[in-house]
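Here are my notes for someone opening this entry for the first time. Have a look at the model, then read the points in order.

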Amino acid sequence: IIFMGDGNIDLVDYGSSDHCPGFIDEMTEHGFSQLISRPTRITDHSATLIDHIFTNACHNVTRSGIISDSDMSDHLATFACLLTDHNKVAKKLNSKFFSNTPNRVINGETINIFKIKIELMDWNFVLNLEDADEKLTAFLKKYEDLYKQCI
């Protein structure tokens with residue numbers, strides 16, 4: 001799990017806010033670690049770390065940091081790179097956790113089959129539902145079913 005965003009809780013000065021210790025304690029209690037350790041918003045009079053990236057899967061993180069030459073915002077951009085291939089993660093962990101997980105073949109052929117199945121799918125059943133949550137659930141279930149059939 002990755003939890004990220006503009007949290008507006010300054011993690012640089014742990015004691016400066018009533019919210020910071022409680023927030024850090026809560027995240028740590030649930031197994032999350034902060035990946036960003038330098039200020040993400042710098043002005044003439046302050047430097048704060050208010051843009052957070054927490055994860056409970058540090059073993060998947062290959063790199064994280066701040067892009068300091070960004071002019072997109074008054075905040076510096078943060079990033080995290082993660083291993084998503086379960087085989088690479090398993091090797092990194094040197095673990096048997098993934099040994100019973102079925103391998104999926106993802107290549108041009110299986111992706112094209114998946115695309116064709118999506119194009120041929122009659123999605124009207126989603127439109128016929130009344131509730132937005134039901135529509136989303138039905139769409140995601142059908143999408144996942146098609147994905148599992150192909151990849």
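**Notes on the fold**

1. The protein chain has 5 helices and 7 strands (helices are DSSP runs of H or I with at least four residues, strands are runs of E with at least two, and both are numbered from the N terminus). Going along the sequence, the pattern reads β-α-β-β-β-β-β-β-α-α-α-α. Keep in mind that this is a predicted model, where local features need pLDDT of at least 70 and side-chain atom pairs count only at pLDDT 80 or more, while totals for chains, interfaces and linings use all residues. Residues are numbered from 1 along each chain as its sequence is written, and side-chain values use heavy atoms, with hydrogens and water left out.

2. Some overall figures. Of the 151 residues in the protein chain, 26% count as buried (buried is under 20% relative accessible area, exposed is over 50%, partly exposed is in between, with a 1.4 Å probe and protein chains only). Take the contacts between residues at least 6 apart in sequence: 52% of them join residues at least 24 apart (a contact means heavy atoms within 4.5 Å).

3. Now the sheet. Three strands make an open sheet in the order β1-β5-β2, and the pairing is antiparallel (two strands pair if DSSP finds at least two bridges between them). β1 (2–6) and β2 (33–34) are the edge strands with a single partner each, so one side of each has no neighbour in the sheet. As background, strands of a sheet pair through backbone hydrogen bonds, either parallel or antiparallel.

4. Which residues face each other across the pairings? β1 and β5 (residues 51–55) are joined antiparallel over 5 bridges, with Met4 opposite Ile53 and Ile2 partnered by Thr55. On the β2 side, 2 bridges make the antiparallel link to β5, and Gln34 sits opposite Phe54.

5. How much of β5 is buried? 5 of its 5 residues are, so β5 is largely enclosed by the rest of the structure. Asp51, Ile53 and Thr55 point one way, while His52 and Phe54 point the other way.

6. The largest nonpolar core has 14 residues, and Ile9, Leu11, Phe23, Met27, Ile36 and Phe54 have the most contacts inside it (a nonpolar core is a set of buried Ala, Val, Leu, Ile, Met, Phe, Trp, Tyr and Cys residues joined through side-chain atoms within 4.5 Å). The elements giving two or more residues to this core are α1, β5 and β6 (61–67), and the largest share, 3 residues, comes from α1. In general, nonpolar side chains in soluble globular proteins tend to be buried together. As for Ile36, its contacts beyond four places in sequence include Leu49, Ile53 and Phe79.

7. Leu35 lies in the loop between β2 and β3 (41–42), and is buried at 18% relative accessible area. Phe54 is 19 residues away in sequence, yet the C-alpha to C-alpha distance from Leu35 is 5.9 Å. Among the residues that Leu35 touches beyond four places in sequence are Ile53, Cys58, Val61 and Ala80.

8. Is His75 buried or exposed? His75 is buried, at 15% relative accessible area, although its place is in the loop between β6 and β7 (77–82). Its side chain makes a polar contact of 2.8 Å with that of Asp51 (a polar contact is a pair of N or O atoms within 3.5 Å; within protein, one must be able to donate a hydrogen and the other to accept it, and residues adjacent in sequence count only if both atoms are side-chain atoms). Beyond four places in sequence, His75 also has contacts that include Asp6, Thr40 and Arg41.

9. Last, the rings. There are 8 aromatic pairs in the structure (rings of Phe, Tyr and Trp, the latter by its six-membered ring, pair if their centres lie within 6.5 Å; planes under 30 degrees apart count as stacked, over 60 as edge-to-face, the rest as tilted). Phe3 and Phe23 form a tilted pair, 6.5 Å centre to centre with 50° between the planes. This pair links strand β1 to helix α1, across 20 residues. Phe3 is partly exposed at 41% relative accessibility, whereas Phe23 is buried at 17%. Elsewhere, Phe114, Trp123, Phe125, Phe139, Tyr143 and Tyr147 form one aromatic cluster.
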